[in-house]
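Open the model in your viewer and keep the selection tool ready. Each stop below says what to pick and what is there.

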Amino acid sequence: MPTTHAHAREIALALPGSSEAPHFTRIAFRVGGKVFATLNPHGDDLNLMLTPELQAETLKAWPEITFPVPGGWGGMGAPTVRLDVADPAQVATLVDLCW
């Protein structure tokens, strides 16, 4: 079952201390003033802020649902999660990693 925009938002906001705010063309989820994830407002993808090491593990474990964010962010440890193929449990696990 794919993850909906509403469910991805709910997962991110369920983490202690998390908040939501606009972030350029996306919706940012923050904790302690730092962005840990951004959601496409159209609901088809979620970007995570991981370390390069955690990103490598994530891409290897779930190649069907994750890929590096294009450009510099992908090189710094930011993967994109495809919500149209990721189930809510996978999204929750990945969001917890970057929180």
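**Stop 1: a pair across two strands**

Strands here are DSSP runs of E, at least two residues, and helices are runs of H or I, at least four residues, both numbered from the N terminus. This is a predicted model, where local features need pLDDT of at least 70, side-chain atom pairs count only at pLDDT 80 or more, and totals for chains, interfaces and linings use all residues. Residues are numbered from 1 along each chain as its sequence is written, and side-chain values use heavy atoms, leaving out hydrogens and water.

Show the side chains. A polar contact of 2.7 Å joins threonine 80 and asparagine 47. The term means a pair of N or O atoms within 3.5 Å; within protein, one must be able to donate a hydrogen and the other to accept it, and residues adjacent in sequence count only if both atoms are side-chain atoms.

Is threonine 80 buried or exposed? Threonine 80 is buried, at a relative accessible area of 4%. (Buried is under 20%, exposed over 50%, partly exposed in between, with a 1.4 Å probe and protein chains only.)

**Stop 2: aspartate 45**

Now select aspartate 45, in strand β4 (residues 45-48). Aspartate 45 is also buried, with a relative accessible area of 16%. The side chain makes a polar contact of 2.7 Å with the side chain of arginine 26. Leaving aside neighbours within four places in sequence, the contacts of aspartate 45 include Arg26, Thr38 and Thr80; contact means heavy atoms within 4.5 Å.

**Stop 3**

Switch to cartoon. Six strands form an open sheet in the order β1-β2-β3-β4-β6-β5, with antiparallel pairing. Strands pair if DSSP finds at least two bridges between them. β1 and β5 (66-68) are the edge strands, each pairing on one side only. Between β4 and β6 (residues 79-82) there are three bridges.

**Stop 4: the hairpin**

Go to β1 (residues 19-23) and β2 (residues 26-31), which are antiparallel and joined by five bridges. Alanine 21 faces alanine 28 in β2. Two residues lie between the strands of this hairpin, and phenylalanine 24 has a positive phi near 55 degrees.
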